[in-house]
Amino acid sequence: MKYMLMMNTPGNGPYQIGSWPRQDIQAHIGHMIALNKKLRAAGEFVIAEGLSGPDQARLVRAGKDGAPVTDGVFPESKEFLAGYWVVDVDSPARAYQIAAEASAAPGPGGAPLNMAIEVREVMSGPPTDML
Amino acid sequence: MSQPGLDLDTEHLLRDLAPQVLGSVVRRYRDFAACEDAVQEALLAAAQQWPRDGRPENPRGWLIQVASRRMVDQIRSDSARRQREHAAALDLGQVVAAASVESRADEDETLTLLFMCCHPSLTTASAVALTLRAVGGLTTAQIANAFLVPEATMAQRISRAKQTIRASGVGFDLPAARARGDRLETVRHVLYLIFNEGYTASVGPTLLRVDLSSEAIRLARAVQRLAPDDTEAAGLVALMILTDARRNARSGSAGELIPLQHQDRSRWDRAAIDEGVALLTATLGRGRVGPYQLQAAVAAVHDEAARYEDTDWPQIVALYTLLGRMYDNPMVALNRAIAIAMVQGPAAGLAILDTIAADGRLAGNHRLDAVRGHLLELAGERDGAVRHYLAAANRTTNTAERNYLLTQAATLRDAAPG
């Protein structure tokens, strides 16, 4: 079964990692790289992507003529999607375990951030005839 | 990138033969889309059968025969074309008989295929995919893997590219001499994009990815061989080799980006540098000097400096000035500003950045902020440097580059007094 793990960060301004000391930035990046490496080695990795910062985000709606109407930046949003993983695991418990490991990524001073990671099961599609 | 059970030698042979086989089959049967499918099937059949039964005596003839049979089968199954069945079956014998003697014609056909796959009517993404498959002999799965998209997506992209070619009525012919230069330029551009895709992606976890840089170099060498009069084709090969020579030194153990200044130059590939410099030297002055030769010359100046401090910056300024005259591009101007800062000091470079920013074409581009951060750091203006490094980090879409810029900003901030 596949799960999407969504990592949220405060949305009021650019990513806070930009204000951390060098050592802490490197520890944080190292933690994420090691996690992805482990997921690959375990055959659980489907995809992981980091997203560009909140100040680059736009909300898009179709206007009357169907043309895109864009809106942004959103200083009011409390939470912002910073990145996500899709993992293929045997049980929900395993997905939660991976989420906890991502959540505990080190922050300023090396202390675990314990970020909230939203875990959602990915709906399975109908059997495909493609390929 | 290899298929299970297929040794590297055989895979390379198959990939070298792919465009020649496709060229021969297209010449007989005309229908590019169907022929391309047939050749892919023949390559797959070879990948399965050769390791088991041994390599045939005439590998190219074998592939042409199998692909032609597929074409005949398809034509045969198409009732509206029943009339052509007999003729096509006869053709098969001729194609195979001709296969062993037409090496010059086959080379022209590889070039014709490249012209077709890099046709101006195609989007760049389509041209890249079609080139890798039809000329590079990669499977759809391998190409999809290289670009990290689902195989079905890549299959559709290739299939639409073939439809576009069919709809545009491009024949399988060499372009007229007059158009040849323009078409070669498009081919070079597509190969350069493939190289860069591989090169920028070569930082970080890239397990299972086809090595696009090596593939681009292989194809660029083919173009150089097929168009020996085209000095820019040689320039492109030199640029790729001289850039790729630094590959092992440009990222650290955790995949972090290491800039030129801090690279361990003993890890550069000396043999590749020697080859690139020799090629460039033999090319410059032989004909028209173009952007690829000039960029290769810049790469050579970097590659030949034993230490970063030994870099011949005045030479680099001269090369970028020439390039800028030939080619009004703000990225070239940006690189020239860095070189000028290294010769005349950061203030001179920063003054040029103001002109580039006023021009507006790089508005919102992270490179402008990254370079300004770098020059402000050189000037000792720590706060400004941090601010621009962070602005660049927020804008770049490359993870390795973002991590590098964040680290640069943090290093400067950590060193701040108090």
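**Where the chains meet**

Guide: Together, chain A and chain B bury about 1,500 Å², with 58% of it on carbon and sulfur atoms; buried area is the accessible area (1.4 Å probe) that two parts lose on being put together, summed over both. On chain A's side, the residues touching chain B are eleven nonpolar, six polar and three charged. Here Ala, Val, Leu, Ile, Met, Phe, Trp, Tyr, Cys and Pro count as nonpolar, Asp, Glu, Lys and Arg as charged, and the others, Gly among them, as polar.

Keep in mind that this is a predicted model: local features need pLDDT of at least 70, side-chain atom pairs count only at pLDDT 80 or more, and totals for chains, interfaces and linings use all residues. Residues are numbered from 1 along each chain as its sequence is written, chains are lettered from A and ligands numbered from 1 in the order in which they are written, and side-chain values use heavy atoms, leaving out hydrogens and water.

Now for who meets whom: 20 residues of chain A are in contact with 16 residues of chain B, where contact means heavy atoms within 4.5 Å. You'll find zero salt bridges between chain A and chain B (a side-chain nitrogen of Lys or Arg within 4 Å of a carboxyl oxygen of Asp or Glu). Polar contacts do turn up, though: four residue pairs across the interface of chain A and chain B, both at pLDDT 80 or more. Such a contact is a pair of N or O atoms within 3.5 Å; within protein, one must be able to donate a hydrogen and the other to accept it, and residues adjacent in sequence count only if both atoms are side-chain atoms.

Over in chain B, leaving aside neighbours within four places in sequence, F32(B) is in contact with residues including L22(B), V26(B) and K162(B).
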